[in-house]
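Here is my note on the model you sent. The points below go residue by residue, then by group.

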Amino acid sequence: MTIDWMHFTPWHALAGGLLIGLAAALFILFNGKIAGISGILGGLLRPVKGDVLWRITFLLGLMISPLVFALFRPLPEVTIEASNVTLVIAGLLVGLGTRYGAGCTSGHGVCGLSRLSLRSLVATLAFMVAGFLTVYIVRHLIV
C-alpha cells in the first residue's frame, strides 16, 4: 500500500469532520432530530404533517452543497468503475442494510456514537468490518 502524498490532506479532512460534527450537534440542538440521512429520507416515505419541509430542505442542501463548493474551488474528478447494474444492486443493499440496521453510517457513526449509544457502536463496528472485508476481498481475492 502506498499513500499519494500529493493528495493527502489531513487538515481538510479534519476541518470537514469538525464541520460535520458541528452541523450534527446544531441539528439535534435546534431540531431535536438525528442527522441520519436514511432516517431523514425515510421520513418522506411516510410523511407526517409539519415534518416534510425540513426534510426536503435538508436533502436539497445536500444536493446543492457541491454547487456552492464549486463556486470557490473546482470539484474533484469522480471516476466510477462499476456498471449501472452493479450500482443499482449496491444501492439496494445499502438501503436494505440501513433498514435492518435501524440507521445509516451518518446516523449511527456521527450522531449515535456522540450520544454514547451502544447500538450505534455495534452498528458502526459492523459497517467498518464489512467495509474492510469488502475491500480486502475485492482488491486481493477477486483479482
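1. Start with Arg55, which is found in helix H3. Helices here are DSSP runs of H or I with at least four residues, and strands are runs of E with at least two, numbered from the N terminus. This is a predicted model: local features need pLDDT of at least 70, side-chain atom pairs count only at pLDDT 80 or more, and totals for chains, interfaces and linings use all residues. Residues are numbered from 1 along each chain as its sequence is written, and side-chain values use heavy atoms, with hydrogens and water left out.

2. Is Arg55 buried or exposed? Arg55 counts as buried because its relative accessibility is 10%. The cut-offs are under 20% relative accessible area for buried, over 50% for exposed, and partly exposed in between (1.4 Å probe, protein chains only).

3. What does the side chain of Arg55 touch? It makes a polar contact with the side chain of Asp51, at 2.8 Å. A polar contact is a pair of N or O atoms within 3.5 Å; within protein, one must be able to donate a hydrogen and the other to accept it, and residues adjacent in sequence count only if both atoms are side-chain atoms. Leaving aside neighbours within four places in sequence, Arg55 is in contact (heavy atoms within 4.5 Å) with Gly39, Ile40, Gly43 and Leu44.

4. Now the aromatics. The whole structure holds 3 aromatic pairs. Trp5 and Phe8 are edge-to-face, because their ring centres lie 5.2 Å apart with planes at 80°. Rings of Phe, Tyr and Trp (its six-membered ring) pair if their centres lie within 6.5 Å; planes under 30 degrees apart are stacked, over 60 edge-to-face, the rest tilted. Trp5 is exposed at 59% relative accessible area. Phe8 is partly exposed at 44%.

5. Phe27 and Trp54 make a tilted pair, with centres 5.4 Å apart and planes at 55°. The pair links distant parts of the chain: Phe27 sits in helix H1 (residues 10-31) and Trp54 in helix H3, 27 residues apart. Both Phe27 and Trp54 are buried. Together with Phe58, they form one aromatic cluster.

6. Gly21 is found in helix H1 and is partly exposed, with a relative accessible area of 31%. Its C-alpha atom is separated by 6.9 Å from that of Val110, 89 residues apart along the chain.

7. Last, Met63. This residue is found in helix H3 (residues 53-70). At 55% relative accessibility, Met63 counts as exposed.
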